[in-house]
Amino acid sequence: MLPETFLNELKYNTDIEQVISRYVQLKRRGRNLTGLCPFHSEKSPSFTVYPETQSFYCFGCGAGGDAITFLRKIDNLDYMEAVRALAERAGMAVPEGTVDDGSRQRKARILELNRAAARHFHQNLMSNGGREARAYLVERGLTKATVVKFGIGFAPESWDNLRGHLREQGFTDEEMIAAALENPGKNGGCYDAFRNRIIFPIIDLRGGVIAFGGRNLGDKGPKYLNSGDTPVFKKSRNLFALNFAKATKRPELILCEGYMDVVSVHQGGFDNAVATLGTALTPEQAKLISNYTKTVVLSYDSDGPGQAATRRAISIFEDTGVKVRVLSIPNAKDPDEFLKKFGPQRFELLLEGSSGAVDFEIEKLRQRFDTDTTEGRYGFLQEFVRLMAGLGNHIQREVYISKICRELEVDKQAVTSQLEVALRKKRKGRERQEARELRPFTAHQTSAKTDMEKQKYPREVLAEERLIAYLIRSPDAWGWIKEQVAAEELVSQKDREIFQAVTSRLEAGYSADLMSLSGELSEENIARLSELLASPGSENISPREAEDYIRTLKNFHRQKTNAEIGSMEEEDFGKYIASIRAAKNK
């Protein structure tokens, strides 16, 4: 348990607005702040930060909590890791001997294991057994300095080369499997996940080796193999080489398609290149990029899949506020090939001449349609209108529509009318999509049992929700509330757990705010408490209203079903009737 003095100091030194604004663009709305929720995809802000209660709540997906809860969710941390992150921001030291749930030790062990594996892979590359792998890298144009900088290694064609080495270092098979470096075998053993591959260590922003990517040197298996998710790695939330690119002095980041592209671009003198990790760009990765730059240059392959990935990335970056430019790579498939053919100076010119995202899309349309023909012009304008409907900036749409209508000698009013139709369709489609995307979030955040209780006993559940909110905002009222109502008299199981945690702290003389409770309640219950505090009408509950809520709960528990009444002894029945009369006379 953390000492109360430490928690109080941490609360004093933590501003939830400053914590969340590193990840979410917030706009002030009265006393509160709103933004696009980082935990689900949305176009209209439903994520709200409440400075008064130092809490956040999303009315779309139900995510909620305090600064600790936010860091846990956004950075995939356990409780103590989030506490340490906040303490580090505040220049505080976490008390020694603080007990956690063991996850911190597990993660530290996996990081230690990964570092040992990275050293072993690199030693393999530099050994006699790595001659062919080194020859491949030389053929790809990499220098020894680049190989060392990125810690590139080699996994030989062996079932247990890495396993044997790590066992000698004291690591267990279970730890290797947890780190995604070994796969479990059919007979209880395990075998190396990476075999006959060039290995690229993936390093986080703190310098820890969190995962690996492997490029196949043979014909068996996929061309690239990437670590699966582990306790220290989520591929959807990390980027290759961001540990280097975060320190760049260049104004933009270059987003490449693969490891070799990034390594070649860095070797060419451009230290601002990153890549996704075996997956298409995710919204989490786009938000991560937005923390380090306001401009990203997409440098995907020029083939069909690469161009499709470019278009998808453009749409994802729309919600981040990051300006997108697209690198057109002539006479080469990718940045790696272009740099080998033409060198860094020509690549610099490509960067300077990279087009905006909309210009890129329009150019692709020009390549698809022959606008010298009536049919081609019609097809181009249909797709152009769809493209314009996807732009959120009205002025930007106006500029492009005017330009294209002049070029094609088309009536602007006709195109504008079609655009209005497309915007209506897109708006309806977006609402349906957001509803579909919200289902898994709301299903995760909301207890079906709580919903049933709320539907069955709406008056009583509302009363206990308001009573908890009142108690959080007016902790001095605990003195008289404890004499009148107990946790067992609440209807919802979740609310009973929250009420019990709140009252236990107040009984002990401690504060009962969200940060104090986040170490005692589950994330689901913390989200529920945030919901209660965010609900309309919970801000200014009077003592008299609180008494009404208590009376509602007491009356509910005095009521008996017909079956219960019928089975009562005469003496118990008399007491029951007397309690009902007494309640009515109050």
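So, helix 17, residues 394-408: it has 15 residues, and from its first C-alpha to its last it reaches 21 Å, close to the 21 Å expected at 1.5 Å a residue. That expected span is 1.5 Å times one less than the number of residues. Helices here are DSSP runs of H or I with at least four residues, strands are runs of E with at least two, and both are numbered from the N terminus.

Before I go on, a word on what you're looking at. This is a predicted model, where local features need pLDDT of at least 70 and side-chain atom pairs count only at pLDDT 80 or more, while totals for chains, interfaces and linings use all residues. Residues are numbered from 1 along each chain as its sequence is written, and side-chain values use heavy atoms, with hydrogens and water left out.

Back to helix 17. Which of its residues are buried? Arg397, Tyr400, Ile401, Ser402, Ile404, Cys405 and Leu408. By buried I mean under 20% relative accessible area; exposed is over 50%, and partly exposed is in between, with a 1.4 Å probe and protein chains only.

Most residues other than glycine have a negative phi. Ala180 has a positive one, near 65 degrees, and Ala180 sits in the loop between helix 9 (173-178) and strand 7 (182-184). Buried or exposed, then, for Ala180? Buried, with a relative accessible area of 17%. Asn196 is another case, with phi near 55 degrees. You'll find Asn196 in the loop between strand 8 (190-192) and strand 9 (197-203), and Asn196 is buried as well, at a relative accessible area of 18%.

One more loop residue: Ile329, between strand 15 (323-326) and helix 14 (335-352). Ile329 has a relative accessible area of 9%, so it counts as buried. What does Ile329 touch, leaving out residues up to four places away in sequence? Ser299, Tyr300, Asp334, Pro335, Phe338 and Leu350, where a contact means heavy atoms within 4.5 Å. Also, the C-alpha atoms of Ile329 and Ser302 are separated by 6.8 Å, with the two residues 27 apart along the chain.

We've got 5 strands in an open sheet, in the order 1-2-3-4-5, with antiparallel pairing. Strand 1 (27-29) and strand 5 (64-65) are the edges, each pairing on one side only. Two strands pair if DSSP finds at least two bridges between them.

Zoom in on strand 3, residues 47-50. Strand 3 runs antiparallel to strand 2 (residues 32-35), and 3 bridges join the two. Gly35 has Phe47 as its bridge partner, and Thr34 stands opposite Thr48. On to strand 4, residues 55-58: strand 3 pairs with it over 4 bridges, again antiparallel. Here Phe47 stands opposite Cys58. The hairpin of strands 3 and 4 has 4 residues between the strands, and Gln54 in that hairpin has a positive phi near 50 degrees. Both faces of strand 3 are covered: Phe47 and Val49 are buried on one side, Thr48 and Tyr50 on the other.

Last, the whole protein. DSSP runs give 27 helices and 16 strands, and the C-alpha atoms fill a box of roughly 95 × 75 × 45 Å along the principal axes. Of the 586 residues, 48% count as buried. Take contacts between residues at least 6 apart in sequence: 62% of those join residues at least 24 apart. The accessible surface comes to about 29800 Å², with 49% of that belonging to carbon and sulfur atoms; those areas come from the Shrake-Rupley method with a 1.4 Å probe, and for residues only the protein chains shown count as cover.

And charges: there are 85 positive and 83 negative side chains, with the centres of the two sets 3 Å apart. Lys and Arg count as positive, Asp and Glu as negative, while His and the chain ends are not counted. Each charge is placed at NZ of Lys, CZ of Arg, CG of Asp or CD of Glu.
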